[in-house]
Amino acid sequence: MAEDKDFRVFLQNKKIPVCILDQKWHRLFALKGKPENVAACEQELNELLKKQGQLNNEIRELKKLKSKLMGNIVENMEGTHAENAGRISSKKLDEDKRLIDDINAKLEAHEDEMLELPREIDRVNKELMLLTVEYCYGNLRCNVKEIREITDWITQVRIDLKKNIIKKQNREINSRQIYAYMHDLFGAEMMDVFDLDHDDIDLRILEPPKKKPEEANGQSGSENGKQSTQSPAAPDGSVKAKGGGEPEEKPGKENFETT
């Protein structure tokens, strides 16, 4: 990120909307909340805006009061010509003039403040904008780093998954070969005895998967009147479907290795 002073020069003559008056600015901090420096700058800007609003209200009220006093002065000036009322009207006139002088002094002070406030509001608002940008780019930097790490992890998992699918298929084919050849060599009766003695091995995993009801009824793949394109069973009991999404099984001719 470039030096702040470079941004300040760039922002010198730029008109920036007041950040805290836009709901979207507050949403930038919805997940993690506002950091301390942002919250402090926001508070300072809030105070300046509040002060500007109060001064505007006071100026408006002072002008109303001044207008009313001016009307009273006109009435009192006319009243000095009436009999037995000149002394009272004169005192009232002097009091109204004094009040008007006080109002003029307050108006002048308030208007001087109102000239300086917009510049101060603009300065603090730009400071808040720079803090917001720094915070947001920090979040973006962390997010992009995590996205890359997760993407790499997903890519590696996909590679490992493909390898393990092939490995699993080869182990299944190899196991079926071993069990089939043992059956041919020793006979079913002897194998039943051996199976009981080796009951720690779950031989159910060697059974082919059960067909779904629609496949059993001959309904699978027949919506368009086409017959199944499944290849016949191989001598080792494995079946390869044409166009399958999984990697093709490539076992050895008689591979009895299980590692």
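Leu185, Phe186, Met190, Val193 and Phe194 form a nonpolar surface patch of about 500 Å² in this predicted model. Such a patch joins nonpolar side chains (Val, Leu, Ile, Met, Phe, Trp, Tyr) within 5 Å, using residues with over 30% relative accessible area and no salt bridge, the latter being a side-chain nitrogen of Lys or Arg within 4 Å of a carboxyl oxygen of Asp or Glu. Accessible areas come from the Shrake-Rupley method with a 1.4 Å probe, and for residues only the protein chains shown count as cover. Helices H4 and H5 (188–197) each supply at least two residues of the patch, a helix being a DSSP run (H or I) of at least four residues, numbered from the N terminus. The largest share, 3 residues, comes from H5. Leu185 is found in H4 and counts as exposed (over 50% relative accessible area) because its relative accessibility is 66%.

Asn125 also lies in H4, which spans residues 86–186. Asn125 has 1% relative accessibility and therefore counts as buried, the limit being under 20%. Its side chain makes polar contacts, here pairs of N or O atoms within 3.5 Å with one able to donate a hydrogen and the other to accept it. The backbone oxygen of Ile16 is reached at 3.4 Å, and that of Pro17 lies 3.0 Å from a polar side-chain atom of Asn125. Beyond neighbours within four places in sequence, Asn125 is in contact (heavy atoms within 4.5 Å) with Ile16, Pro17, Val18, Cys19 and Leu45.

Residues are numbered from 1 along each chain as its sequence is written, and side-chain values use heavy atoms, without hydrogens and water. Local features need pLDDT of at least 70 and side-chain atom pairs count only at pLDDT 80 or more, whereas totals for chains, interfaces and linings use all residues.

Terms used. Buried < 20%, exposed > 50% of the residue type's maximum accessible area, 1.4 Å probe, protein only. Patch = residues over 30% accessible without salt bridge, like charges linked within 9 Å, V, L, I, M, F, W, Y side chains within 5 Å.
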